[in-house]
Amino acid sequence: MRSFILTCFLVLCLCAAASAETKIGFVDMQAVIAKSEPGLKAMEQLKSQFKGMKDNLDAQKKSLDSLREELQKQSMMLSQEAKLDKETQYKRKVRDFQDMGQNYQRKLQQAEQNLSKPIIEKLLTVVQDYGKKNGYTAIFDKQASGLVYQQDSVDLTNAIIAELNKAMRGK
């Protein structure tokens, strides 16, 4: 459906090109966020904010691995009841680890959204201003448009990164 709409839009633009020049550009929004100064700063902040939680998960995973190895080594020597008790203990710790991992993922995603929201808002303003200033009819997001081909000359990603960096420094 998206490609049909894009195709219809491009056909309309080509029809309009007979009366006026159509200028279309493409931006890789994810690359802009990942490579721009505010995006890199947000990623560093995210890493430092969740370093302790990640270290805790890594330590718990090591503990689970050693418990599993111990269980495997001792399985022949333990009585059926003791073996069952150790397996239950191991399964409970695995569940706790999985719950902690899911909780970590949720918190990480929420923090990432909170950090990226002002960057995205500013980025949209920068793209709109860039489009107006440089006479573009339309600027598409490379990832979300269903784009199959574009000339490298219409990729505005690096120019938008530079504009976003300037806009965020001026803030």
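Leaving aside its neighbours within four places in sequence, with which residues is Phe97 in contact? They are Leu57, Gln60, Lys61 and Leu64, where contact means heavy atoms within 4.5 Å. This is a predicted model, in which local features need pLDDT of at least 70, side-chain atom pairs count only at pLDDT 80 or more, and totals for chains, interfaces and linings use all residues. Residues are numbered from 1 along each chain as its sequence is written, and side-chain values use heavy atoms, with hydrogens and water left out.

- Phe97 is found in helix H4; helices are DSSP runs of H or I with at least four residues, numbered from the N terminus.
- Between Phe97 and Leu57 there are 7.4 Å in space, C-alpha to C-alpha, and the two are 40 residues apart in sequence.
- H3 (residues 37–74) packs with H4 (residues 80–133) at an angle of about 175 degrees, the axes being 10 Å apart; axes are lines fitted to C-alpha atoms over the stretch in contact, and angles run from 0 to 180 degrees between N-to-C directions.
- H3 is therefore roughly antiparallel to H4, a term for angles over 145 degrees.
- The contact of H3 with H4 has 18 nonpolar, seven polar and eleven charged residues (Ala, Val, Leu, Ile, Met, Phe, Trp, Tyr, Cys and Pro count as nonpolar, Asp, Glu, Lys and Arg as charged, the others, Gly among them, as polar).

**The H4–H5 packing**
- H4 and helix H5 (residues 157–170) pack at about 120 degrees, with axes 9 Å apart.
- Residues making this contact include Ile119, Leu123 and Tyr130 of H4 and Ile160, Leu164 and Met168 of H5.
- By class, the contact of H4 with H5 has ten nonpolar, no polar and three charged residues.

**The second largest pocket**
- Among the residues lining the second largest pocket are Glu37, Gln45, Leu115, Ile119, Asn165 and Met168.
- H3, H4 and H5 are the elements that give two or more residues to this lining, and H3 gives the most, with five residues.
- The lining of the second largest pocket has six nonpolar, two polar and three charged residues.
- A pocket is an open set of points on a 1 Å grid over the protein atoms alone, where a 1.4 Å probe fits, with protein on both sides within 12 Å along at least five of seven lines; lining residues have an atom within 4 Å of a point.

Key. Angles under 35 degrees count as roughly parallel, over 145 as roughly antiparallel, 65 to 115 as roughly perpendicular and the rest as oblique.
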